[in-house]
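User: I'd like to go through the cavities and the core of this one.
Analyst: Fine, here it is.
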Amino acid sequence: MPQKIVFFHLLNNFTGSPQILSSVINTAKQDGFEVKLYTSNTEGFLSDLETETNFYRRSEHRILTLFSFFFSQFLLSIKLLVKNKRADGIYYINTILPFGAILMGRLLGKRVITHVHEYEISPKLLSNFLFWVVRTFSSEVIVVSRFLQTNPKLRGAKVQVIYNCVTKEFETKAKNTTKNPKAFEVLMLASLRPYKGISEFVTLSKQMPAVNFKLVLSDDKREVDRFIANESLPVNIQIFPVNKDVHSFYANASLILNLAHPDKWVETFGMTILEGMHYDLPAIVPRVGGITELVKDGVNGYQINYNELSEIVSEINKMVAEPTYWKKLSEGAAIERRGFSRTIFESKISKLFRP
């Protein structure tokens, strides 16, 4: 009988962490493991997998979301205690949030692997508690960048860096999609949270009327429509709600941006930047965080903070005015992505499962 790995993820959606988990699960299947997944009954990168629903509901009211979170972990713990099977040899917890699985895994004598994507969450008290659970009760901890490996909240844990990769489906489609930017176009994929740099992206579009800007949000159409209605937008910017297929956006873009505010939110990796690299896109990213490990100044883009807009404008203008300069950065993106390949990722995950 093959060994079983039980995977846990709190909220299935179209963000980076469930996308990476889907690659981990597919690698486990390729290696002959039987897999089981606990996650929410929502649409996302894990929807095509057979799952056991883990109760969790988000709310506009923070206190209700917190209650739902803790209640979900209580129900999960009871479920795991009742359904405990000897064949379930490994518990693989994705993000620091499913702490009930970490605690029950240790109680039931499982090998507990926690895949950490976060540097810190809010509120701070909850963040401290969750990181304490991770470093105290995990058998091993996987982090997505060297930056995250230095997090003092993981001190004392057995930590290994495994860089993210794009999914096999994304990689294949990127290879087969024609890259045909008709005019210089700046792309950003983000959420409507203020610290993601949305207002700065709009400001850039106003300052550069000759350049096209596209913003793809991870929020639904209703929220995006509300945002657009409250903004004075120039004609050279287009804003889109959540899209499952983003390949056309990458294929038509010339440059990808990440304008997150590192003083409020530190990017621990930067999946959209890596996806853009598969379309040979140069990038401009913050100077702090794991995202800096993807972009080298003058090689495949630049590290410039959100509050240095004049530098960003200058750099974009140079790329627009000098196509050979842009091409050099684009070729650099194609080279740099090799360090974040699926081959490397799958090899490290396979070795992790069969130490």
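User: Which residues line the second largest cavity?
Analyst: Ile162, Tyr163, Asn164, Gly339, Phe340, Ser341, Ile344, Phe345 and Lys348 line it. A cavity is a set of points on a 1 Å grid over the protein atoms alone where a 1.4 Å probe fits but cannot get out, and lining residues have an atom within 4 Å of a point. This is a predicted model: local features need pLDDT of at least 70, side-chain atom pairs count only at pLDDT 80 or more, and totals for linings use all residues. Numbering runs from 1 along each chain, and side-chain values use heavy atoms, without hydrogens or water.
User: What does that lining divide into?
Analyst: 5 nonpolar, 3 polar and 1 charged.
User: And what's the volume of the largest cavity?
Analyst: About 60 Å³, volume being the space filled by probe spheres set on the points. Its lining has 4 nonpolar, 1 polar and 5 charged residues, with Lys4, Lys36, Lys83, Lys85 and Asp88 among the residues there.
User: Which strands supply at least two of its lining residues?
Analyst: β1 (4-8), β2 (34-39) and β4 (88-94); strands are DSSP runs of E, at least two residues, numbered from the N terminus.
User: Switching to the core. How many residues are in the largest nonpolar one?
Analyst: 79. Such a core joins buried Ala, Val, Leu, Ile, Met, Phe, Trp, Tyr and Cys residues through side-chain atoms within 4.5 Å, buried being under 20% relative accessible area with a 1.4 Å probe, protein chains only. Val24 is one of those with the most contacts inside it.
User: What does valine 24 touch?
Analyst: Leaving aside neighbours within four places in sequence, Phe7, Tyr92, His115, Phe345, Ile349 and Phe353, contact meaning heavy atoms within 4.5 Å.

Technical notes
1 Å grid on protein atoms, 1.4 Å probe; cavity = no way out; pocket = protein on both sides within 12 Å on 5 of 7 lines; lining within 4 Å. Helix = DSSP H or I, 4+ residues; strand = E, 2+ residues; numbered from the N terminus. Nonpolar A, V, L, I, M, F, W, Y, C, P; charged D, E, K, R; others polar. Buried < 20%, exposed > 50% of the residue type's maximum accessible area, 1.4 Å probe, protein only.
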